[in-house]
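Hi,

Here is the structure I promised to pass on.

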Amino acid sequence: MSVRTIGVVMNGVTGRMGYRQHLVRSVLAINEQGGVALSDGGKVRLKPVLVGRNADKLADIAEKHGISDFTTDLDSALADEDNLIYFDAQVTSARVKAVLKAIEAGKHIYAEKPTAESTQEAVALAEAAAAKGVKNGVVQDKLFLPGLLKLKRLIDGGFFGRILSVRGEFGYWVFEGDWQEAQRPSWNYRAEDGGGIVLDMFPHWHYVMENLFGRVQSVYAQAATHIPARVDEQGNTYQATADDAAYGIFTIEGGIVVQINSSWTVRVNRDELVEFQVDGTHGSAVAGLRNCRVQHRSATPKPVWNPDLPATARFRDGWQEVPDNAEFDNGFKIQWEAFVRHVLEDAPFPNDFASGARGVQLAELGLRSSAEGRRIEVPQL
């Protein structure tokens, strides 16, 4: 069995997602299992080259994980011909410039979402990558969550009949940073730094809707900044200029109506941090990060509205758990393996920059909808 090694430039690994999900739980985990398996029986190991602005942080990470290559000079990392892939997990505002550099250097590009702050920039990235002939992909990790994989299995099996509607709830309380440390970095709450829950989450919701239910045709959204002031990592109070909650209604081809609430200012009273309820003519399901529960029409109770009497049954007791029927690996790692195979043997990888641009477009139109107070059609890109 042949084993080869390719270099992967990883920009932004000092951040929470770049470090935990992409470096540790994906690239290093892939190497621990022997590499990415190819169709010819060979394997590919990934040599991470860490890039960032803070040399001390990079050195600490490199020492902790036995990584030999790290630098604050992106140009030098891109100049190395052994580095075939460039990965970007920086703050959104820094992504476009770095990705364009990598495209010009002829690297294949894998990037976190959103790929840009505007539709125009996101489309320009997709066009630049196509013109250069480099492979490109965007992280769409929610598609690989066990709960959503079970939901996809139900859809493919015809469980729902005709799907009528989807209701999504996502979020948790992010502490303001004064009496308890915030769980998210302060830039998330500054529009000038690419922050805001619409730009962060609407691209996620776009690829979930597009892959599970169909093309998004319209959006009506209300964004809000519920917490106007927060405290940053240095203990300084700052004004929150970006939205921390968004309430969206989307229409999908075929008449499906989707409602999704996204909030960093909500206390959780549900089983998981994100849940989607799908209702169809033949059955319903509630899918979260890992679990999925169903109720078929043959087992649907017949509630009668009578506020004068207490409920005689617990409605949750009438739902069944969907079995795993498979082993679920880390979704980020699965997508990394798929992208490497896409680069080396042209295996399918539908989550490209064009898909990422459609997600940015939905976020941009969602913010416009909120500002103008109206429903907006989503043109096809």
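Some ground rules first. This is a predicted model, so local features need pLDDT of at least 70 and side-chain atom pairs count only at pLDDT 80 or more, while totals for chains, interfaces and linings use all residues. Residues are numbered from 1 along each chain as its sequence is written, and side-chain values use heavy atoms, leaving out hydrogens and water. Helices (H or I, at least four residues) and strands (E, at least two) are DSSP runs, numbered from the N terminus.

Let's start inside. I call a residue buried under 20% relative accessible area, exposed over 50%, and partly exposed in between (1.4 Å probe, protein chains only). A nonpolar core is then a set of buried Ala, Val, Leu, Ile, Met, Phe, Trp, Tyr and Cys residues joined through side-chain atoms within 4.5 Å. The largest one has 52 residues, and Leu-151, Phe-160, Phe-202, Trp-205, Phe-213, Val-219 and Phe-250 have the most contacts inside it. Helix H7 (residues 197-212) gives this core its largest share, 10 residues. There is also a second, separate core of 28 residues, with Ile-6, Met-10, Leu-28 and Ile-67 among its members.

Contact here means heavy atoms within 4.5 Å. Apart from neighbours within four places in sequence, Val-219 is in contact with residues including Phe-202, Phe-250, Leu-362 and Arg-374.

Now the strands, which pair if DSSP finds at least two bridges between them. S13 (residues 256-263) runs parallel to S8 (residues 163-171), with 7 bridges, and Arg-167 stands opposite Gln-259. S13 is also joined by 8 bridges to S12 (residues 245-252), this time antiparallel, and Ala-245 stands opposite Ser-263 there. S12 and S13 make a hairpin with 3 residues between them, where Gly-254 in the turn has a positive phi of about 95 degrees.

Gln-295 sits in strand S16 (residues 292-296) and counts as buried because its relative accessibility is 10%. A polar atom of the Gln-295 side chain lies 3.0 Å from the backbone oxygen of Gly-318. Gln-295 also touches Phe-159 and Trp-319, among others.

The UniProt record (an unreviewed entry) annotates residues 50-135 as "domain: Gfo/Idh/MocA-like oxidoreductase N-terminal". UniProt positions are given in the numbering used here, feature names are shortened, and annotations may be inferred rather than shown by experiment. That span is 51% helix and 17% strand. Helix H4 (residues 92-104) has 13 residues and should span 18 Å at 1.5 Å a residue, and its end C-alpha atoms are 19 Å apart, which agrees. The expected span is 1.5 Å times one less than the number of residues. Buried residues in H4 include Thr-92, Arg-95 and Val-96.

Most residues other than glycine have a negative phi, and most peptide bonds are trans. Lys-113 and Pro-114, however, are joined by a cis peptide bond, with omega about -10 degrees. Pro-114 is in the loop between S6 (108-111) and H5 (119-132). Asn-325 is not a glycine, yet has a positive phi of about 55 degrees; at 64% relative accessibility, Asn-325 counts as exposed. Asp-346 has a positive phi too, near 60 degrees, and is exposed with a relative accessible area of 54%.

Cheers

Notes: Polar contact = N/O pair within 3.5 Å; in protein donor to acceptor, adjacent residues only side chain to side chain.
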